[in-house]
Amino acid sequence: MGILNRALLIAAVPLLAAIGTQVAFYQNDATNFTKCADQRYNTEILSVDPLVIHIDNFVSEQEIDYVMQLGKPLFQDSQLFDDAQVRSVDKPYRSSSTAFLPYEDPVCHCVGQRALKFLGFIEHEAHERLQLVRYYPGQEYNLHSDWLYRPKVSHSPQDQGREYNRLGSFFTYLGGNATGGETYFPFVNGASINADGRKYAIPASGQGLVVRPTKGSALFWMNLHASNGTGDERTFHAGLPVHSGVKYGMNVWTKHYKSFPIIGPYISQEDRPQDT
């Protein structure tokens with residue numbers, strides 16, 4: 001077994017047992033926030049190499065309502081980054097809208113910490129700002145990678161100036177009663193014909209993994225090769241066109257810093273004092 005395969009199997013072990021993590025207590029707004037507490041979720045490994053995991057109940061109904069209200073006035077046309085990290089709007093290629101949520105919001109903090117805690121012994125120091133996405137009928141995001149051809153320089157307060165790439169992706173489905181809008185990985189082995197049809201679909205070509213948007217669930221995958229930190233081209237994916245309704249989602253991207261090991265030794269956040 002190669003180094004990459006061993007690393008992925010080691011990484012999968014703590015994820016198999018990931019059942020409880022963090023959720024925010026609040027009522028109508030963050031002023032009633034008290035602390036992060038347990039959010040119960042279940043995991044299903046869809047692929048080991050590359051590592052892809054489906055997470056049921058990753059976010060609560062309260063959290064969904066809260067972040068949707070928080071992001072409502074912040075939506076703008078979605079942008080693309082070229083290899084030189086220059087931003088542009090390309091409607092035919094990516095026609096959705098996006099909203100970046102503030103780091104300092106306590107509910108966003110809890111969701112971000114939940115994602116980091118999920119990673120166990122995989123690098124989990126920081127994440128990007130949470131990003132909401134909105135797709136109206138006919139809108140889509142064509143085949144793309146979350147990992148970057150060139151590292152980004154962080155402008156976040158906790159790691160300003162550090163170069164990083166996107167290590168892990170959590171795409172969380174927030175609802176909207178959309179038909180269509182599946183997430184499609186053409187280079188990952190697909191679900192079997194006996195898989196849960198509420199979560200998965202079989203593509204017409206018979207090739208690739210298709211995950212349906214189910215409210216509150218998340219899809220996690222590793223973007224980088226664990227052995228050398230380079231982008232894994234098998235994780236190219238697309239947001240398929242929405243047929244009706246509106247699709248809302250949320251991206252959480254965790255960071256890999258150059259020259260840091262992707263697979264431990266790291267202290268699992270299970271063993272760290274919890275936020276109060």
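Residues are numbered from 1 along each chain as its sequence is written, and side-chain values use heavy atoms, with hydrogens and water left out. Because the model is predicted, local features need pLDDT of at least 70 and side-chain atom pairs count only at pLDDT 80 or more, while totals for chains, interfaces and linings use all residues.

Helices and strands are DSSP runs numbered from the N terminus (H or I, at least four residues, for helices; E, at least two, for strands). Helix α2 covers residues 61–71, and its buried residues are E63, I64, Y66, V67 and G71. These residues lie on the same side of α2, because they cover an arc of only 170° around the axis, the arc being that of the directions from the helix axis to the C-beta atoms. Buried here means under 20% relative accessible area, exposed means over 50%, and partly exposed lies in between (1.4 Å probe, protein chains only). An α-helix has 3.6 residues a turn, so residues three or four places apart point the same way.

Helix α3 (residues 106–118) is mostly covered, with eleven of its 13 residues buried. Among them are V107, C108, C110 and V111. The expected span of a helix is 1.5 Å times one less than its number of residues; for α3 this gives 18 Å, in agreement with the 18 Å between its end C-alpha atoms. At the start of the helix, a side-chain oxygen of D105 comes within 3.0 Å of the backbone nitrogen of V107. After α3 comes G120, whose phi is positive, near 60°.

An open sheet is formed by five strands in the order β10-β18-β14-β16-β15, with antiparallel pairing. Strands β10 (141–144) and β15 stand at the edges with a single partner strand each, so one side of each has no neighbour in the sheet. Two strands pair if DSSP finds at least two bridges between them. Two bridges join β10 to the antiparallel strand β18 (residues 237–239), and H144 has H237 as its bridge partner in β18.

Two residues illustrate contrasting surroundings. N189 is placed in the loop between β14 (183–185) and β15 (200–201) and is exposed, with a relative accessible area of 69%. Contact means heavy atoms within 4.5 Å; leaving aside neighbours within four places in sequence, N189 is in contact with G208 and L209. N189 and G208 are 19 residues apart in sequence and 5.2 Å apart in space, C-alpha to C-alpha. Q131, in strand β9 (residues 131–135), is buried, with a relative accessible area of 4%. Not counting residues up to four places away in sequence, Q131 touches several residues, including R94, F100, M250 and W253.

Rings of Phe, Tyr and Trp (its six-membered ring) pair if their centres lie within 6.5 Å; planes under 30 degrees apart count as stacked, over 60 as edge-to-face and the rest as tilted. By this rule there are twelve aromatic pairs. The rings of Y41 and F58 have centres 5.9 Å apart and planes at 55°, so this pair is tilted. Y41 lies in the loop between β2 (36–40) and β3 (42–47), and F58 in the loop between β4 (52–56) and α2, 17 residues apart. Both Y41 and F58 are buried. The rings of F58 and F170 have centres 5.5 Å apart and planes at 15°, so this pair is stacked. F170 belongs to strand β12 (residues 163–175), 112 residues apart from F58, and F170 is buried. Ring pairs link Y41, F58, F118, F170 and F220 into a cluster.

Note on methods. A polar contact is a pair of N or O atoms within 3.5 Å; within protein, one must be able to donate a hydrogen and the other to accept it, and residues adjacent in sequence count only if both atoms are side-chain atoms.
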